[in-house]
Amino acid sequence: MENLQRAVTRAAMPVFLLFFARSAFASEVETLSLDTLKLMGGLLGGLSLFLYGIDLLAVNMRKTAGSRMRSFLRGMTATPLSGLLGGAALTILMQSSSATTALLASHAQAHLVTAAQSVGVIIGANIGTTFTTQLIAFDITEYALLLLATGYLIQAASENPSVRQAGLATAGVGLIFHAMALMSRAMAPLRHEPWFAEALLALEGPLPGVFAGALLTGIIQSSAAFLAIVMALAQAGMLSLESAAPLIIGANIGACVTVLIASLKTSREAKRVALVQVLFNMLGAVLFLAFLNGLLDMVRALPPYGVVKSALLPRQIANAHTLFNVLAASVFLPVASSLAALAEKLLPVTKKEFAEPGRPVYLDWDLMHTPTLAVERARLEMVVTGEVVSSMLEKTREAFTRSRAESALEAVALDDKADGLIETTNAYLSGVLRKQLLPVTVEEARLLLYILAEFGHMADLVETSLGRLVVRKIEEGVPMSAEGEEEIRRFFDALIAAHAATVAFLASPGKELLETSENAFRNLWTMDAQSREAHFERLRAGVTESAASRQLHMDMLDHLRALTFYAGSVLKHERRLPGINTKMRSNP
């Protein structure tokens, strides 16, 4: 229902613009006739169903793919060519180049990919969008309701979540073609309306067409939906290939709007990813406007196999869209590094990206309708939280080794930042869990909540116990033996390194990181036992400093042991995350 409401909202604006055009170009002001109301209702209903069908298809394909989308994205940025192929495949799966770019931007924000690595994926994403256009160019509208019914029966008859999602995706395809039929029928009478002919004449020429395509695509937030309208107009005989081509180019530019808006509150590197998409689409538009006639000649030369004459023009429009994006890819892929360099020059690094401490960077409540992406954002936010806990540990170590109480107080102050991030991320993941989810997504969100709780335990322990204990040692001048201080310093070093490894594993899971973390925690438990034994030996030997600090020394070891337990629990939950198959050889 939420997706349908969003689809109707996005579809309403083009209908309003159509009514505005009628008012602007009609020779005289007329009251709304029943035919006009039927036309507007048919267009609004058809476009709403089209957008809902796209959402239904995309959401269920994403759910089927689950967390594999993220691991796939991490592995495909090695070269521009692999990025192009992976970006195209991922966009076909997600049915949205904006979703692919948003996922890419979240990885850029986590420093998992750079703007330079993103260029190939973005170029491939544009090619991936042509899949939907080619799909809707097939004239199978008479079978649309059969597809819809088949999809519904599949999802109703099966208990298997994957089969049910396949059924809903099939129903989405049926809705798409039924919506195309509704829009074609609704707009057919427009060919006899003088005011509509005047409105189309106003778009004659490449630049007005590009502007109109970009504007309408930005409003609808779907280049596929806008091109569906263009095809419907062409099929009704109201648009020629020459008139449609600038609209196609404009649709590519308008597709950038969603990602640009989403990137406003992200990091500098994520903004560069969005800018790369804008630069690629804008430069491609300029290039092909200059050679528009040649592009159209190539489209006419393509054989539209398997179509009847009435479907020829929609197929040519789909081919023009595909040809434009494929040729643009062949031109700009060899200079991918130059596109990234231009984005970096236009968006240079600033000294301060976010002034507000503790402000969530990755959480996007608009992604709640796509739980896989929402969980990905929560995971990246938790990497930030883990880094805050690392800072707390490092400042506490600095206070201990340098007898600097201010550093311990700074560590204590960081607890507010950690608490804010933990509370917000907890609410975000809880909201995700209220959606309809695949079992694998439920398991991932549940484990992330466990990890979040462990981060909270660590931050609270530093704030309420360890940090204050270090301050007490400094302010009261409690003496410790040189050996005892060295043992605790080494314990700090090992704990900080082990925790950093678990945070790195959360950011980018891998077998090598898992083994490094496992070994680090095994060494920590050994170090804990050895430190306690060494302290008891010094007490037995009558070392004065050890006797004076015996309780404080043991309290510090107890707190460090508790922190080791919580950090080890983080690793235990991480290795159970979906997609992590390598098992630890021992419990930390």
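Me: What span should the 14 residues of helix 7 (residues 144–157) have, and how far apart are the end C-alpha atoms?
Reply: This is a predicted model, where local features need pLDDT of at least 70, side-chain atom pairs count only at pLDDT 80 or more, and totals for chains, interfaces and linings use all residues. Residues are numbered from 1 along each chain as its sequence is written, and side-chain values use heavy atoms, with hydrogens and water left out. Helices (H or I, at least four residues) are DSSP runs, numbered from the N terminus, and the expected span is 1.5 Å times one less than the number of residues. For helix 7 that rule gives 20 Å, and the end C-alpha atoms agree, at 20 Å apart.

Me: Which residues of helix 7 are buried?
Reply: Buried means under 20% relative accessible area, exposed over 50%, and partly exposed in between (1.4 Å probe, protein chains only). On the other side of helix 7, Leu146, Leu153 and Ala157 are exposed. The buried residues are Ala144, Gly151 and Gln155.

Me: Within what arc do the buried residues of helix 7 fall, seen down its axis?
Reply: The arc is that of the directions from the helix axis to the C-beta atoms. An α-helix has 3.6 residues a turn, so residues three or four places apart point the same way. The buried residues of helix 7 line one face of the helix, because they fall within an arc of 30°.

Me: How many residues of helix 6 (residues 115–136) are buried?
Reply: Helix 6 reaches 33 Å from its first C-alpha to its last, close to the 32 Å expected at 1.5 Å a residue. It is mostly covered. Of its 22 residues, the buried ones number 18.

Me: How far apart are the C-alpha atoms of Ile123 and Phe280?
Reply: Ile123 lies in helix 6. It counts as buried, at 0% relative accessibility. Phe280 is 157 residues away along the chain, yet the C-alpha separation is 7.6 Å.

Me: At roughly what angle do the axes of helix 6 and helix 17 cross?
Reply: Axes are lines fitted to C-alpha atoms, for helices over the stretch in contact, and angles run from 0 to 180 degrees between N-to-C directions. Angles under 35 degrees count as roughly parallel, over 145 as roughly antiparallel, 65 to 115 as roughly perpendicular and the rest as oblique. Helix 6 and helix 17 are therefore oblique to each other. Their axes come within 8 Å and cross at roughly 125°.

Me: Is the crossing of helix 6 and helix 17 left-handed or right-handed?
Reply: A crossing is left-handed if the near helix is turned anticlockwise from the far one by less than a right angle, and right-handed if clockwise. For helix 6 and helix 17, the crossing is right-handed.

Me: Is Lys345 buried or exposed, and at what relative accessible area?
Reply: Lys345 is found in helix 17 (residues 336–346). Its C-alpha and that of Arg272, 73 residues apart along the chain, are separated by 9.6 Å. Lys345 is exposed, with a relative accessible area of 70%.

Me: At about what angle do helix 20 (residues 439–476) and helix 24 (residues 550–574) pack?
Reply: The two axes are 9 Å apart, and the packing angle is about 165°. That makes helix 20 roughly antiparallel to helix 24. The crossing is left-handed. The packing angle, again, is about 165°.

Me: How do the residues of the contact of helix 18 with helix 20 divide?
Reply: Helix 18 and helix 20 pack at an angle of about 15°, with axes 10 Å apart. They are therefore roughly parallel to each other. Helix 18 passes helix 20 in a left-handed crossing. The contact residues divide into 19 nonpolar, 6 polar and 4 charged.

Me: What is phi of Ser403 near?
Reply: Ser403 sits in the loop between helix 18 (371–402) and helix 19 (405–433). Its relative accessible area is 46%, so it is partly exposed. Most residues other than glycine have a negative phi. Ser403 has a positive value, near 50°.

Technical notes: Helix = DSSP H or I, 4+ residues; strand = E, 2+ residues; numbered from the N terminus. Nonpolar A, V, L, I, M, F, W, Y, C, P; charged D, E, K, R; others polar.
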